[in-house]
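Here's a quick tour of how this fold packs together. Have the model open and follow along.

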Amino acid sequence: MPIVLADPDNLDEKNADFAQVPLKKHFFLNSVPKSGSHLMKNIVRMFVPVEQQYSADFIQYPNLNQHAKALQGDPTLSWGHLLFGEGPAILLKDVNHLLLVRDPYSWVLARARFFLSDNFQANIDHLKGGRVEIHDYLNMMIFGAHNRFPTMQEIYHNNVVAWLGTSARIVKYEDVVHHLKNIDKPEAEAFFGELLAFGGIDMPSDWKERIAVGSDRKQSGTARENLKLQGQEVPSELPETQKILVDHTNPGLRELLGYR
C-alpha cells in the first residue's frame, strides 16, 4: 500500500476541551480517496470521546482483516476508504455508515495534486518533478497507470456506485464545504445536525466551536495548501477536454451522484 506522510495534529488534546458523550453504535466514515476524508474525520472527532476513536489506520480492503476489530465489539468511530464487497457488507451491516463523495471533475484535480506531492510515496516518483506535462498527468488520473494505480472508473465504481441503494448515507464533499462557509445560517445547523444524528450523536450547544476546531485546515496534513508539491502547477479547474474524458469513461456518473 502507498505511504501517506502528514504532520500530526493535536485534535486529541483539543477534544478534551469539550464534554463528550460515548457512542452507542459503531460509526464508520467511508470516503472516496481525495474527497475530503481528513476534513470529515477531524470534524466528527470533536464529537466523540478519544478513547472510542479507532486511529490505528485508514481502513481499506487490503488491511481489512487487520483492522476489522474496529467495526466489531464495543462502539467506535473509525474511518477509511472501503470498497463494496462481501466482507465490508458483512462488517458494516449494523454500523452507521457514512460515505463521502466528490464531484468527479474536481476529484481528478485533487488526486493529481496529492500524487504530485511529497506526501504521497509510492512507485510513481519517476512521474513527479515536472517529468510529465500536466495535461498528460490529468489523463493518468482518469485512465490510471498500468500496474501502478487504478482508473477513475474502477475507484468510483467500487468505492461509490456499488454502495448506492444500501444503508450507506451519501454526503457530498461540496455540501460540507458550503455549510462550513455559511456556518451561521440555519441550513448549516440542520445539515450538520442531521449528519451527526445519522451517526448517533446528539447536537451539542457548542457544535459550532467543535466544527471550527475540527475543520481547521492547519490540522489536516493533506489539505491543498499543506501539500508539499515539487513545483508542478495543477489547474484550479479541470480543462474542457478532460471533462469530456471523464464523462466519456464514466457516462452518467456525475448525474448519478447528483452533480449537474
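## Ground rules

Two strands pair if DSSP finds at least two bridges between them. Strands (E, at least two residues) and helices (H or I, at least four) are DSSP runs, numbered from the N terminus. This is a predicted model, where local features need pLDDT of at least 70 and side-chain atom pairs count only at pLDDT 80 or more, while totals for chains, interfaces and linings use all residues. Residues are numbered from 1 along each chain as its sequence is written, and side-chain values use heavy atoms, with hydrogens and water left out.

## A strand with two partners

Start with β2, residues 27–31. It pairs in parallel with β4 (residues 77–81) through four bridges, and F28 sits opposite S78 of β4. Five bridges link β2 to β5, also in parallel, with F27 facing N96 of β5.

How many of the residues of β2 are buried? Five of five, where buried means under 20% relative accessible area, against over 50% for exposed and in between for partly exposed (1.4 Å probe, protein chains only). F27, L29 and S31 cover one side, F28 and N30 the other, and all are buried.

## The largest core

A nonpolar core here is a set of buried Ala, Val, Leu, Ile, Met, Phe, Trp, Tyr and Cys residues joined through side-chain atoms within 4.5 Å. The largest one has 44 residues, and V108, Y137, M141 and Y156 touch the most other members. At least two residues each come from β5 (96–101), α5 (104–116), α6 (134–143), α7 (152–159) and α11 (240–249). Helix α5 gives the largest share, with eight residues.

Another core lies apart from that one: 29 residues, including L29, V171, Y173 and I183. As background, nonpolar side chains in soluble globular proteins tend to be buried together.

In α7, M152, I155, Y156 and N159 are buried. Down the helix axis, the buried residues of α7 fall within an arc of 90°, so they line one face of the helix; the arc is that of the directions from the helix axis to the C-beta atoms.

The axes of α5 and α7 come within 12 Å and cross at roughly 115°. Axes are lines fitted to C-alpha atoms, for helices over the stretch in contact, with angles from 0 to 180 degrees between N-to-C directions. Where do the two helices meet? P104, W107, V108 and R111 of α5 meet M152, I155 and Y156 of α7, with contact meaning heavy atoms within 4.5 Å.

Beyond its neighbours within four places in sequence, Y156 is in contact with V32, R102, D103, P104, W107, V161, L253 and L257.
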